[in-house]
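Let's take a walk through the aromatic contacts here, and then look at the strands around them.

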Amino acid sequence: MGKWRIAGISFDHMHMGDLLRQVDAHPEAEICAIYDPDPARMQAAIAAFGLPSEAVFTDFDACMATAPDIALLCAATADHAAFAERLATHGCHLFVEKPFAASVEDARRMIAAMAGTGRQMAINWPLTWVPSHATAKRLVDEGTIGDLLEVHYYGGNRGPLFHLADKVEVTPEEVARRKPDSWWYKRASGGGSLLDYLGYDATLGTWFLDGEAPLEVACMVDEAPGIEVDQHSITLCRYARGLSKMETRWGTFTDPWTTQPQPTCVFVLVGSNGTIGSPDYAPHVTLQTRARPEATPVPVDTLPEGRRNGIEYVLSCLARGTPVGGPLSPELSLVGQRIVDTAAASAREKRTLPLVP
Ligand SMILES: OC[C@H]1O[C@](O)(CO)[C@@H](O)[C@@H]1O
């Protein structure tokens with residue numbers, strides 16, 4: 001078989017540049033087309049990957065006429081469902097960059113659109129491929145900390161406009177210039193830290209908990225004057241096994257991939273026989289067990305080929321004809337989306353709510 005032909009649809013989310021880099025680096029894949037209504041937003045990718053003008057489109061249908069095997073979707077969150085419905089008619093697999101959707105209803109529209117096409121949909125959560133979190137999941141699955149009882153997460157960054165693809169930094173002056181027009185700060189586009197980040201915590205949390213869903217959810221968001229979206233949210237989830245909490249923040253003191261801020265961006269997993277601390281991008285996780293209660297660093301695993309990033313993983317599943325699993329599966333991501341929707345409703349109504357169906 002020839003190479004997987006992959007089209008990049010929409011450059012709203014800066015991760016399009018990172019995903020195209022993963023495609024470009026993959027020996028069995030090639031970028032066949034990119035699409036965005038605004039040519040300026042595609043310039044960096046055109047230059048980085050030497051894309052010819054025939055592969056660059058400002059018209060969606062013309063782009064899809066290249067008949068890609070896989071479409072990568074990096075649209076504003078509120079546009080995921082409409083794009084998925086259009087893409088599903090083109091017979092390609094769909095790779096959606098996080099988050100899943102703006103609502104459970106939209107997520108189910110996406111699942112319904114892809115059902116019966118014979119093609120797969122994957123929702124990529126990049127933190128899945130961070131070695132510390134993958135190592136934490138392995139340790140949980142191996143029973144190292146006994147039964148998992150609590151998941152705690154603090155996640156975020158200085159704000160979505162402070163970096164571009166490849167984590168290229170943007171100056172505070174440029175951030176201030178872009179902020180008034182940016183989709184990230186518009187409610188109707190699916191902006192805000194809760195929609196951007198809670199899906200991470202909720203979906204990876206559900207992965208650590210082997211798919212178990214909470215019973216009820218309570219959430220509070222900040223209300224900054226002059227900003228219509230939240231930049232900080234704290235969510236409590238009551239599971240049959242106890243309480244977990246998930247916090248999202250745009251406005252961390254530093255970006256965790258440059259210098260870990262305080263509070264640390266981290267998953268803390270508490271089990272019946274131990275605990276694991278897994279900071280984003282850390283070279284080791286910290287393990288406590290009953291036999292060895294002192295905090296012990298465990299070097300992170302080297303992720304094997306096929307599991308080093310979302311593109312590698314999805315291509316390896318497609319090559320083997322197996323369904324995508326873990327956090328990338330629509331089933332698990334839908335549980336995360338149900339937590340996100342319940343949290344958003346809880347914050348609006350200022351009360352605890354049962355998990356939405
Ligand atoms: O907050 C904006 C974006 O920044 C990241 O943390 C890293 O690129 C993404 O996961 C998030 O969607």
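Searching the whole structure turns up 12 aromatic pairs, where rings of Phe, Tyr and Trp (its six-membered ring) pair if their centres lie within 6.5 Å, and planes under 30 degrees apart count as stacked, over 60 as edge-to-face and the rest as tilted. Take tryptophan 257 and tyrosine 281: they sit edge-to-face, 6.4 Å centre to centre with 85° between the planes. This pair links distant parts of the chain, 24 residues apart: tryptophan 257 is in the loop between S10 (242-250) and S11 (266-271), and tyrosine 281 is in the loop between S12 (274-279) and S13 (284-289). Strands here are DSSP runs (E, at least two residues), numbered from the N terminus. This is a predicted model, with local features needing pLDDT of at least 70 and side-chain atom pairs pLDDT 80 or more, while totals for chains, interfaces and linings use all residues. Residues are numbered from 1 along each chain as its sequence is written, and side-chain values use heavy atoms, leaving out hydrogens and water.

Tryptophan 257 also has a charge over its ring: the charged end of lysine 167 is 4.6 Å from the ring centre (the criterion is NZ of Lys or CZ of Arg within 6 Å of the centre and within 35 degrees of the ring normal).

Now for the strands. S11 and S12 pair antiparallel over five bridges (pairing takes at least two DSSP bridges), and phenylalanine 267 has serine 278 in S12 as its bridge partner. Phenylalanine 267 also belongs to a ring cluster with Tyr153, Trp207 and Phe208. On to S13: four bridges join S12 to this antiparallel strand, and tyrosine 281, in the turn of their hairpin, has a positive phi of about 65°.
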